[in-house]
Amino acid sequence: MHEQSIVESLVSIALENAQKANANKILKIYLVVGELSGVLDDAVNFYFGFLTRDTIAAGACISFDHVKAQFRCRNCNTIFLPEEHNFQCPNCKGQQIEIVSGRELYIDRMEVE
Amino acid sequence: MSVKVLTIKEDILGANEQNAKANRELLDKHRILMINVMSSPGAGKTSLIIQTINRFKAKTRIAVIEGDIASTIDADKVSKLGIPAIQINTAGACHLDANMIKKALDNLVLEQLDLIVVENVGNLICTAEFALGAHNKVMLLSVPEGDDKPHKYPLMFTESDVVLVNKIDVLPYFDFNVNAFSSAVAGLNPSARIFNVSAKTGEGLEAWFSWLESQLAAKRGGQS
């Protein structure tokens, strides 16, 4: 059910921006989704269809831009993918790490008419 | 009609962040400390909260906001201790959000409170994503869940100010490596405080109580 509240916010941001631009219809929404946000495309599409009925976003498609989770080693600044290195810096083997990407969840742009 | 591209760059959780900020301002106005307690289902949030209430209620005015998908079991337990308890039933949603907390705050007499403990829905994933306006995020991880969780749920461990390793009394029966767990948490979140406790036996709870007392003292002193 995580996605329901996410999609409610997404729809409200999209409709608000479309209204400001005097658009009659939303055609496509470009959504940026980080791997760590735990948001699944299928679930978003499901709720989006349901929550946009009778709105100008009905029938719009969502383009998902997935951002990989990336970590930075606090010791030597190496950037690495956690899935490949099991949370250990591949350079210095340190475990002092911080998340640099993968938390994204925003609408980048949308196409309207 | 021609197709136009609108640049949006707007965070989906932005509205929730704004609501959380408003909650925080309201709490600060009343010098109330609010903590957001998170864990998997069954890790011992309610037991910890009951121990904490019993320790603090003589000198601290406490209220509890309980988040559950359904039922009032937890709020009923807390009410028996003579503490105001608001039950939020999320009707299926797996986390509390700032707007739900706002409604709960509207139902509490803020002038008569020092501490609000929010018991979030049992979930290690999206509870970490939704800010409530709490001053501190406190998470419990119980020994039977295993020491590998920081790497499975990195966001939760990155976001938490305090990590309580609960059910430490059953440690001999599980392959839970306390040192490996602590260094994985410290790796993700160097400033997190880690306390090994048992909400059942009371073991280790003094360190948690002292930490909470210091946060309350800072609030009373007017610092946020």
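A: In this predicted model, helix α1 (residues 2-20) of chain A packs against helix α2 (residues 41-51) of chain A at an angle of about 55 degrees. Their axes are 9 Å apart. Helices here are DSSP runs of H or I, at least four residues, numbered from the N terminus. Axes are lines fitted to C-alpha atoms over the stretch in contact, and angles run from 0 to 180 degrees between N-to-C directions. The crossing is right-handed (the near helix is turned clockwise from the far one by less than a right angle).

Now the residues. α1(A) brings A:Glu3, A:Gln4, A:Val7, A:Glu8, A:Leu10 and A:Val11. They meet A:Ala43, A:Val44, A:Tyr47, A:Phe48 and A:Leu51 of α2(A); contact means heavy atoms within 4.5 Å. By class, eight are nonpolar, one is polar and two are charged.

Next, the partner chain. In chain A, 33 residues are in contact with 32 residues of chain B. The two chains bury about 2900 Å² between them (accessible area lost on being put together, 1.4 Å probe, summed over both). Carbon and sulfur atoms hold 61% of that area. The interface has two salt bridges (Lys or Arg side-chain nitrogen within 4 Å of an Asp or Glu carboxyl oxygen). A:Arg103 forms a salt bridge with B:Glu159, with the closest N and O atoms 2.8 Å apart.

Residues are numbered from 1 along each chain as written, and chains are lettered from A in the order written. Local features need pLDDT of at least 70, side-chain atom pairs count only at 80 or more, totals for chains, interfaces and linings use all residues, and side-chain values use heavy atoms, without hydrogens or water.

Definitions and conventions: Helix = DSSP H or I, 4+ residues; strand = E, 2+ residues; numbered from the N terminus. Nonpolar A, V, L, I, M, F, W, Y, C, P; charged D, E, K, R; others polar.
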